[in-house]
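Subject: Structure for your files

Hello,

Here is the structure I said I would pass on. My notes follow below it.

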Amino acid sequence: MQLVLLVLSAILVNNFVLSRFLGICPFLGVSKKLSTALGMTAAVMFVMTLASTVCWLVFHGLLRPYGLEYLQTISFILIIAAMVQLVELALQKLSPGLYRSLGIYLPLITTNCAVLGCAVMNIMNESSLLVTAVFSLAAAMGFGLALVLFSGIREVLALADTPRSFRGTAIALLTAGTLSLSFMGFAGLVK
Amino acid sequence: MKFSGGVHPAYHKDTAGLQIEAMPLLHRYVVPIAQHLGAPGKVLVAKGDRVARWQPLSEPVGFVSVPVHAPTSGTVKQVAALPHPLGRPMLAVEIESDGEDRPWEGLAPPADWRRLESAELRRAIQAAGVVGMGGATFPTHVKLSPPAEKKVDLLILNGAECEPYLTADHRVMLEQAAEVMEGLGLMMRVLGVTRACVGIESNKPDALEALRRACPPDVAAEFTLLETKYPQGSEKHLIYALCGRRVPPGGLPMDVGCVVQNVGTAVACLEAVRDGLPMTERVATVTGAAINVPHNLRVRVGAPLLDVLAHCGGVTPDVGKVIFGGPMMGIGQFDMDVPLIKGTSGVLCLRDDEAARFEGGPCIRCGACVDACPMGLVPSAMGLIAERFRFEELGDWHVLDCIECGSCAYVCPSRRPLVQHFKRGKAEWREILDGRRAKAEREAERQSAAAKA
Amino acid sequence: MLVPTVVLSGIGLLSGLGLALAARAFAVETDPRQDRITEALPGANCGGCGFAGCGDFAGAVVRGDATPDGCPVCDQETRRLVASIVGLTVQDRAPQVALILCQGGDDVAAKKYRYNGLASCASAALLGGGDKACGAGCLGLGDCQRACAFGAVEMMPSGVARIIPARCTACGQCVAACPKDLIKLVPAEATIHVLCSNHDRGPAAKKACAVACLGCKKCEKSFAEDPRIKVADFLAYIDYEHVPDDPALAALCPTGSLVYRGAAAPAAERTSS
């Protein structure tokens, strides 16, 4: 039950993108098309879950026993960077089309605050390994939900007669704000 | 059965009560060589030649091709690119009439279609230059030659005439009912089918009655009065309304065992075989608020528009638009020198205040076009995509299934030029598909070459 | 101090090892020559070569599907470089420039109907070939301008497109985009042009447009023998290989469809050609 609530809250109530405002860069960058948004979601889900889990293991198995908590950030980034490289290599081989359309945003997951934030948050909350894994996956799903919803809106938005001054990023940010507002409505769903 | 979508435009069938009147002989005719879909024929005459009525002016090139014939006797004044109703100047033969209307000696002898084999009938129909007279002008003998793997069991006679204003088919059904039914029997014999359906819109019950009475005992036809709704006369919708079969996307009526023929085509086929006469005339409705004396005219193919209008009392000073065909799918004319051709079912003269010349507004996403589209497409989205030149996305919206009936543009409260977008979009999407196919072929060639090496 | 160093470098080493293994497992074979060619190309991704961008063209050159001089944009130097990467040689090619063979703006050319559809030449051309009374007139809706990746096409106020030669790379995208086939690639150093594509007889052409070539042959007859400008099917053609640099030729033309754009022409005309 606890885990279900955890998942729900990570996806809806404390959505990484729309409530915590983490990972805005890919949210705006790769949300022009539904297909790329789905690809990005898969990549982030993979990286986030695995990185958080490995980070938890490294922190509790290596850093804390030796009193090296101050190395948390740098070692986490190292791990995340390695994960992203792995995804990049795999994508280049398995789906060149998606690799090309994600472009610069794929290596940018390395410095994605959502991934690092998720790993750090798990440590801060003193979560167990299981909770860490589930929470990371749910957080990534929340990220994916926001990305997919937003890309759907933007696909329609691209066909609209937007006033000249609002075209492009401006209307995208406005829409993101509105979407975020609507997600605020989930507050109080999980106590 | 009723198809979904469609619209109910104002019908204006004011000329339905006017008897067909034969147009007097003109002093000049312009006969375009290309009056059908398919390869234009090879011209047989040259400047200065004397021709007789019904003499072929061109011979077919290939199977999907038909000849055109001289509408009267006279002298060939020129063979040149002349104004054509489809917009661009095309090769045409201009004939100066000698007033004798002397028939050609080489005409095929009259024959009894009940004694001829279907191959002979098909040859006669092609030689007579018969094309679909509903407006699409597809060579009739091709439609009557389904490939062996497509089993055709039903011939549909299209008397729907769903376009507003037009009454030519209606008058033909009333005045030449016997010939229509006999022509139907002839086409059934060509196809070797035993079953035929006649579909007529409910605003012409008298036509249905006339055909039923004129039906010979050896022609097994069923008569159905259809809902009056545009585009009831579209092949795919007529088939669905009459027998519930759905033509697959990108398919032809013969994919579901049907062949659809217009009532005027039935008469032309009969005349081609029974009298040996090539198709040199047709019935066309000349109507609209801007014509002084509306007519249902039996007009010879190649008659210049100006002479036809003059015969109908000329146009009023406030004429704004002259359209060949009906208001929904007809083609606006911008040169009064064009001739009437085999596919011209009507000449519609609209007043300046009637002719819709709207600046299209933005799409307000009301969805009226989605409800109106008889093909179940989403014109609003397709229009927006085409407007932004994103043609490669149109395939996802099945743009090639659009029949360009104009129902969407008719209901659009923003007056968006949707059909025009789709015509462009279809052309661009076909080009994209061709490009992809060529690329795939190159790729396959390369791979097979690599495999050999 | 030792422990943190070991821990951190240990993590780094492990990740590195994992990545090295992954790199082997997911290795993608690319021809190194393709990358070198891509680097050498202009990188405008204009598509003038007929492929989807410079990278695609480089791949085609390596595979042998395209010749090294297929890129119309890059200079002779680059073509030689590209050819040398795949071990071929290229022939020198005279620099070219696009030219719009129509100057019939709304001020001089008649229209046959009012067009109010999609603002694109290809759409207008579907309606009876466009609204110009001349069957070979510029429709002025800017398909060539949209196709140009280099901003070398400008739309004149009169509704006719013009090429800015200084920006034109002769990639040919505008040539393909024009539904009326009014754009041709001509030698850049050519100074005299027939800016008309109308094949109608004189009276018909004149009725449609004041600056149409009437096929009067005044230019052709000005040559004593072996004319460098020939009239065929009521339209003058220039033999660009040997046309003389002579402003007097243009003065012969009664309609101004024969235009001189060389050094002796007024500066304003040269820049806006």
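How many residues does the contact take from chain A, and how many from chain C? Chain A gives 16 residues and chain C gives 13 residues. Please bear in mind that this is a predicted model.

On the side of chain A that touches chain C, two elements give two or more residues: helix H3 (34–63) and helix H4 (72–94) of chain A. H4(A) supplies the largest share, eleven residues. Sorted by class, that side of chain A has twelve nonpolar residues, three polar and one charged.

Gln34(C), Ile37(C) and Ala40(C) are its buried residues. They lie on the same side of H2(C), because the arc they cover around the axis is only 125°. The buried residues of H2(C) pack against helix H3 (53–63) and helix H4 (76–85) of chain C. Pro32(C) and Glu39(C) are exposed, on the face of H2(C) turned away from its buried side.

Chain B has twelve helices and 16 strands. The C-alpha trace of chain B spans about 65 × 60 × 50 Å along its principal axes, and 51% of the residues of chain B count as buried. Of the contacts in chain B with a separation of 6 or more, 73% are between residues 24 or more positions apart.

Regards

Note on methods:
Residues numbered from 1 in each chain as written. Chains lettered and ligands numbered in written order. Predicted model: local features only at pLDDT ≥ 70, side-chain atom pairs only at ≥ 80, totals over all residues. Helix = DSSP H or I, 4+ residues; strand = E, 2+ residues; numbered from the N terminus. Buried ≥ 20, exposed ≤ 12 C-beta atoms within 10 Å, placed from the backbone. Contact = placed C-beta atoms within 7 Å. Nonpolar A, V, L, I, M, F, W, Y, C, P; charged D, E, K, R; others polar. Arc of directions from axis to C-beta.
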